[in-house]
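Please read it with the coordinates open.

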Amino acid sequence: MIEIAPSILSADFARLGEDIAKVERGGARMLHVDVMDGHFVPNITLGPPVVKSLRKVTRMQLDVHLMISDADRYAGAFIDNGADLVSVHQEACPHLDRTLNMIRGAGAQAGVVINPSTPVATLVDVLDVADFVLIMSVNPGFGGQKFIPRALDKVRALAAMRRERGLDFKIEIDGGVTLENMPAIIRAGCDWLVAGATVFGCEDPAARVAEMRRIAEEVQTVRV
Ligand code: DX5
Ligand code: ZN
């Protein structure tokens with residue numbers, strides 16, 4: 001089942017509750033929450049209190065993407081406040097195996113993220129302790145950037161590794177996802193598509209999510 005995960009980075013933070021109600025109405029079952037610390041990436045966003053508030057107003061799964069230098073220190077606080085999925089960057093975690101196990105142990109699904117410049121090969125030894133892998137298709141830090149096509153090769157490579165090793169982690173993509181490129185992303189083997197500007201940058205986010213889910217359904221029928 002393909003999931004569309006709207007990213008609140010492109011929502012109106014003064015009307016966050018209303019904005020996320022719209023995407024939930026459109027059929028989204030996952031909400032992507034970007035956490036930035038102004039250190040690992042050149043931008044600052046939000047922390048555990050916002051996740052706590054989101055948890056109270058939605059049934060969607062909260063997919064918390066940690067773009068922070070010290071994920072070991074803060075991941076637990078996000079899980080305690082309601083995160084269902086937590087992903088950490090390979091580039092920021094020297095003890096990735098331990099970090100992923102810690103997230104799982106705290107009761108969330110554990111994801112590992114790689115930047116556009118990081119090869120898929122760096123993940124071979126943690127794929128069996130990850131519930132999902134997030135491929136960045138832009139350099140993290142900002143919404144509304146252009147999709148880096150090379151990310152598709154990485155999704156294909158990862159999907160092949162998953163098949164060969166009989167693993168069942170999900171593959172997520174983040175950055176520059178549009179109505180136009182989503183069929184190619186799904187055909188490459190991606191399961192979850194994050195979308196910020198494409199969803200919240202349009203007039204009717206509910207209708208946009210519904211449209212993306214319909215496209216995903218069509219492409220998937222052909223893929224299977
Ligand atoms: C970028 C974030 C993304 C961002 C995607 O650092 O990780 O989740 O919100 O936004 P779009 O879909 O607009 O590229
Ligand atoms: Zn993200």
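Which backbone oxygen does the side chain of Arg-162 reach at 3.3 Å? The side chain reaches the backbone oxygen of Gly-189, and a polar atom of the Arg-162 side chain also lies 2.7 Å from the backbone oxygen of Phe-169. A polar contact here is a pair of N or O atoms within 3.5 Å, where within protein one atom must be able to donate a hydrogen and the other to accept it, and residues adjacent in sequence count only if both atoms are side-chain atoms. Arg-162 itself belongs to helix H5 (residues 150-165); helices (H or I, at least four residues) and strands (E, at least two) are DSSP runs, numbered from the N terminus.

This is a predicted model, in which local features need pLDDT of at least 70 and side-chain atom pairs count only at pLDDT 80 or more, while totals for chains, interfaces and linings use all residues. Residues are numbered from 1 along each chain as its sequence is written, chains are lettered from A and ligands numbered from 1 in the order in which they are written, and side-chain values use heavy atoms, with hydrogens and water left out.

For comparison, ideal angles for six octahedral donors are 90 or 180 degrees. Because His-65 lies in strand E3 (residues 61-67) and Asp-174 in strand E7 (residues 170-174), the pair ties together parts that are 109 residues apart in sequence. Both His-65 and Asp-174 are buried, where buried means under 20% relative accessible area, exposed over 50%, and partly exposed in between (1.4 Å probe, protein chains only).

**Ligand 1**

There are 20 residues around ligand 1, and Ser-7, Asp-34, Gly-141, Asp-174 and Gly-196 come nearest; a residue is counted if one of its heavy atoms lies within 4 Å. An oxygen atom of ligand 1 lies 2.7 Å from a polar side-chain atom of Ser-7, and an oxygen atom of the ligand is likewise 2.7 Å from a side-chain N or O atom of Asp-174. For His-65, the corresponding distance to an oxygen atom of ligand 1 is 3.3 Å. Taken alone, ligand 1 exposes 380 Å², and the protein buries 99% of that, with areas from the Shrake-Rupley method and a 1.4 Å probe.

**Individual residues**

The table gives relative accessible areas for several residues.

| Residue | Relative accessible area | Class |
|---|---|---|
| Met-30 | 2% | buried |
| Cys-93 | 7% | buried |
| Arg-162 | 16% | buried |
| Cys-202 | 19% | buried |
| Asp-131 | 21% | partly exposed |
| Pro-42 | 59% | exposed |

Met-30 lies in strand E2 (residues 30-36), whereas Pro-42 is found in the loop between E2 and helix H2 (48-57). Asp-131 sits in the loop between strand E5 (109-114) and strand E6 (132-136). The structure holds zero disulfides, a disulfide being a pair of cysteine sulfur atoms within 2.5 Å.
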